[in-house]
Amino acid sequence: MTFLSTTWIVVPSYNEARVIAETLSPLLEQGYQVVVVDDCSTDNSPKVLAEIPGLNVLRHAINLGQGAALQSGIEFALEQEAEYIVTFDADGQHSHLDIPKLLEPLIEDTADVVLGSRFLTHEPIKNLSSTKKLVLKLAILYTNIVSNIKLTDAHNGLRAFSRFAALRIKLRQNRMAHASEIISQIREERLRFTEVPVKIIYTKYSIQKGQRIWNSFNILWDVFVGGFKL
Amino acid sequence: MNFIQIALLAALALFLFYFRHFRSRASDRWIFSIFALFGAIAITMPEYTSKVARWMGVGRGADLLLYGYVVFSGFLFLAIHARLRALQLALTEVTRELAKLQANRKDNSKSLGSSQ
């Protein structure tokens with residue numbers, strides 16, 4: 001298990017003090033290197049995070065959004081000589097059991113980016129409302145058309161990058177539009193990618209904390225403005 | 001469709017193209033200056049706005065000015081948005097560097113402590 005010391009899990013977190021310790025403990029137990037990017041939480045996250053041994057914590061001085069937090073964590077991991085970088089949601093909707101499945105194509109060097117897909121699994125997804133499912137499917141359709149890349153799930157926070165890929169991905173979408181941005185950069189940089197089925201655990205907490213459906217409009221706007229020349 | 005409708009739609013399409021492909025702070029300023037020049041002409045020679053308006057099929061000079069203002073404010077909105085986005089990206093970089101520095105500092109103090 002030599003890859004453990006160079007496998008970094010990046011966990012962007014905003015006001016997740018209630019669940020973050022529970023999310024992190026299996027990751028740390030497995031022996032992964034873990035960095036939490038606390039995106040200027042207003043709850044007692046700093047205290048909770050400081051008490052977890054072996055954990056790296058980055059704290060943004062101002063709230064920037066999940067995309068910005070991911071980029072900070074990825075850059076930090078690269079500076080610590082990470083070979084594999086996995087992004088993992090803080091709210092407990094992902095399972096650490098899926099991480100080896102994500103790493104496998106990277107270690108075998110058959111892909112540069114591995115994307116988790118909740119729609120590849122044959123098991124029915126619990127607690128996923130039909131409206132949310134429809135919006136997710138429309139989002140995938142849109143991303144597939146725009147980026148010309150075929151995917152089954154574009155907006156899943158569980159992803160893995162090789163060092164090679166992580167050095168080429170540069171997220172400039174600070175908020176939620178980073179999901180589409182990753183897909184377009186995969187295409188622009190001609191990275192090899194694959195999808196693997198992952199389980200999403202929709203808890204009452206994660207649904208309450210999760211994306212509201214109307215936020216899709218904000219994402220479309222961010223994608224539009226994000227294309228502006230600066 | 002009459003001339004002014006086509007012109008307004010063309011302006012919209014032109015803006016989208018400009019902001020996605022050609023925009024720079026310098027060219028923004030040139031476009032602002034051109035709008036200001038037209039504004040000055042409209043103020044000093046109001047009879048011309050009516051003439052141009054009739055030629056364009058708008059009718060009244062005041063209506064032409066309103067259309068011109070709508071186009072200008074659309075441009076202004078997008079230009080300010082682009083500028084804000086540039087600032088936001090700079091602020092993001094500063095915040096990120098600060099976060100990484102502070103994380104490193106913590107690690108350094110730990111290793112200093114153990115070597116003593």
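## Chain B at a glance

Chain B has four helices and zero strands, in the order α-α-α-α from the N terminus. Helices here are DSSP runs (H or I) of at least four residues and strands are E runs of at least two, numbered from the N terminus. Everything below comes from a predicted model, in which local features need pLDDT of at least 70, side-chain atom pairs count only at pLDDT 80 or more, and totals for chains, interfaces and linings use all residues. Residues are numbered from 1 along each chain as its sequence is written, chains are lettered from A and ligands numbered from 1 in the order written, and side-chain values use heavy atoms, with hydrogens and water left out.

Of the 116 residues in chain B, 24% are buried; buried means under 20% relative accessible area, exposed over 50%, and partly exposed in between (1.4 Å probe, protein chains only).

## Aromatic rings

Over all chains there are 13 aromatic pairs. Rings of Phe, Tyr and Trp (its six-membered ring) pair if their centres lie within 6.5 Å, and planes under 30 degrees apart are stacked, over 60 edge-to-face, the rest tilted. B:Phe3 and B:Trp55 make a tilted pair, because their centres are 5.7 Å apart and their planes stand at 55°. This pair links helix H1 (residues 3-22) to helix H3 (residues 46-56) of chain B, across 52 residues. B:Phe3 is partly exposed at 44%, while B:Trp55 is exposed at 66%.

## Salt bridges between the chains

The count comes to 17 salt bridges over all chains, each a side-chain nitrogen of Lys or Arg within 4 Å of a carboxyl oxygen of Asp or Glu. In one of them, A:Glu75 meets B:Arg96 at 3.9 Å, N to O, crossing from helix H3 (residues 66-79) of chain A to helix H4 (residues 61-115) of chain B. Both A:Glu75 and B:Arg96 are buried.

B:Lys100 and A:Glu79 form another salt bridge at 2.9 Å, N to O, again between helix H4 of chain B and helix H3 of chain A. Here B:Lys100 is buried, with a relative accessible area of 4%, whereas A:Glu79 is partly exposed at 40%.

## A salt bridge within chain A

A:Asp112 pairs with A:Arg192, their closest N and O atoms being 2.9 Å apart. The two residues sit in loops 80 residues apart: A:Asp112 between helix H4 (99-107) and strand S5 (113-117), A:Arg192 between helix H7 (178-188) and strand S7 (193-197). A:Asp112 is buried at 6%, and A:Arg192 is partly exposed at 35%.
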